[in-house]
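Subject: Structure handover and notes

Hello,

Here is the structure you asked about, followed by my notes on it. Please read the notes with the model open.

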Amino acid sequence: MARKFFVGGNWKCNGTTEEVKKIVTTLNEAEVPSEDVVEVVVSPPFVFLTLVKSLLRSDFHVAAQNCWVRKGGAFTGEISAEMLVNLGIPWVIIGHSERRALLNESNEFVGDKVAYAVSQGVKAIACIEKVTNWENVVLAYEPVWAIGTGKVATPAQAQEVHCELRKWLNDNVNSEVAASTRIIYGGSVNGANCNELAAQPDVDGFLVGGASLKVSDVPSFIVPLV
Ligand SMILES: O=C(CO)COP(=O)(O)O
């Protein structure tokens, strides 16, 4: 089954209103393949989600960077999957290593979050566990040593891990899910290294941090070898 290339820009905890508008303008003007070929998702901090959604071209989509593990309620500082649905936010990043390392999110907790978000109709860019509906999940492999360091995995290193992940899906879920699930790479991706990575058979896209905030770099990694 053909897997549509997926490119996510994770803006993390960065940006002012003016900076966000500038990046969105760049994205809106970028000449990239149609959404039949590449799915583009940008993930601003919560406070800019509605602004970005209102300004962003309609063939690109927005993702939240986290959501609460269950239905909303008395959980100060959290955002629920129901709220994302209410705002028309189709995607959420769950289980990023920065949250695991800095906020002690465990595999169990991340797995519960993915399961709950997907059950509410929000698609997840996720690190795995407890997923029953794989149709709405994109898996992100991000070696911790490559995040924000400028040290990118070699294409062969990325391919090896992506291939293992697909094998895991094949052995633990089923062959259709293994063939159709997009496995994307993150960690110091930029315009200069994206084509070689994208050429690997099991690299189905990227989750880009730093370079997704650089106006000069933004369009380049959306135009991979597809
Ligand atoms: O963590 C990342 C994307 O979620 C990767 O960050 P960098 O692209 O800045 O290394």
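The expected span of a helix is 1.5 Å times one less than its number of residues. Helix α5, residues 107-119, has 13 residues, and from its first C-alpha to its last it reaches 18 Å, close to the 18 Å expected. Please keep in mind throughout that this is a predicted model.

Helix α5 and what follows

The buried residues in α5 are Val110, Lys113, Val114, Ala115, Tyr116, Ala117 and Val118. The cover over the buried residues of α5 includes α3 (81-87), β4 (91-94), β5 (123-126) and β6. After α5 comes Gly121, which has a positive phi, near 100°.

Helix α6

Helix α6 covers residues 155-172, 18 residues in total, and spans 25 Å from first C-alpha to last, close to the 26 Å expected at 1.5 Å a residue. Its buried residues are Ala158, His162, Arg166 and Leu169. They lie on the same side of α6, because they cover an arc of only 65° around the axis. Ala156, Lys167, Asp171 and Asn172, on the other side of α6, are exposed. Among the elements covering the buried residues of α6 are β6, α7, β7 and α8 (194-198).

Val177

Val177 sits in helix α7, residues 175-180. Is Val177 buried or partly exposed? A residue needs 20 or more other C-beta atoms within 10 Å to count as buried, and 12 or fewer to count as exposed. Val177 has 18 within 10 Å, so Val177 is partly exposed. Apart from neighbours within four places in sequence, Val177 is in contact with Trp134 and Leu169. Leu169 is also one of the buried residues of α6. The C-alpha atom of Val177 is separated by 31 Å from that of Leu103, a residue 74 places away along the chain.

The strands

I go through these in the order in which they pair.

- Strand β3 (residues 60-64) pairs with β4 in the parallel sense, over 2 bridges. Ala64 stands opposite Val92 in β4.
- β4 is covered on both faces: Trp91 and Ile93 are buried on one side, and Val92 and Ile94 are buried on the other.
- β4 also pairs with β5, again in the parallel sense, over 4 bridges. Here Trp91 has Lys123 of β5 as its bridge partner.
- β5 and β6 run parallel and are joined by 3 bridges. Ile125 is opposite Val138 in β6.
- Strand β6 (residues 137-141) pairs with β7 over 3 bridges in the parallel sense. The bridge partner of Leu139 in β7 is Ile183.
- β7 (residues 183-186) has both faces covered: Ile183 and Tyr185 are buried on one side, Ile184 and Gly186 on the other.
- β7 pairs in the parallel sense with strand β8 (residues 205-208) over 2 bridges. Tyr185 stands opposite Phe206 in β8.

As background to the two-sided lists above, in a regular strand the side chains alternate between the two faces of the sheet.

The ligand

Which residues are closest to the ligand? They are Asn10, Gly186, Ser188, Gly209 and Gly210, out of 14 residues that surround the ligand. Sorted by class, the shell around the ligand has 5 nonpolar, 8 polar and 1 charged residues.

Most residues other than glycine have a negative phi. Two residues are worth a look on that account.

Ser188 is not a glycine, yet has a positive phi of about 60°. Ser188 lies in the loop between β7 and α8. With 21 other C-beta atoms within 10 Å, Ser188 is buried. Ser188 is also on the list of residues closest to the ligand.

Lys12, likewise a residue other than glycine, has a positive phi near 55°. Lys12 belongs to the loop between β1 (5-10) and α1 (17-29). With 19 other C-beta atoms within 10 Å, Lys12 is partly exposed.

Regards

Conventions
Residues are numbered from 1 along each chain as its sequence is written. This is a predicted model: local features need pLDDT of at least 70, side-chain atom pairs count only at pLDDT 80 or more; totals for chains, interfaces and linings use all residues. Two strands pair if DSSP finds at least two bridges between them. A residue is near a molecule or strand if its C-beta atom, placed from the backbone, lies within 6 Å of it. Ala, Val, Leu, Ile, Met, Phe, Trp, Tyr, Cys and Pro count as nonpolar, Asp, Glu, Lys and Arg as charged, and the others, Gly among them, as polar. Two residues are in contact if their C-beta atoms, placed from the backbone, lie within 7 Å. The arc is that of the directions from the helix axis to the C-beta atoms.
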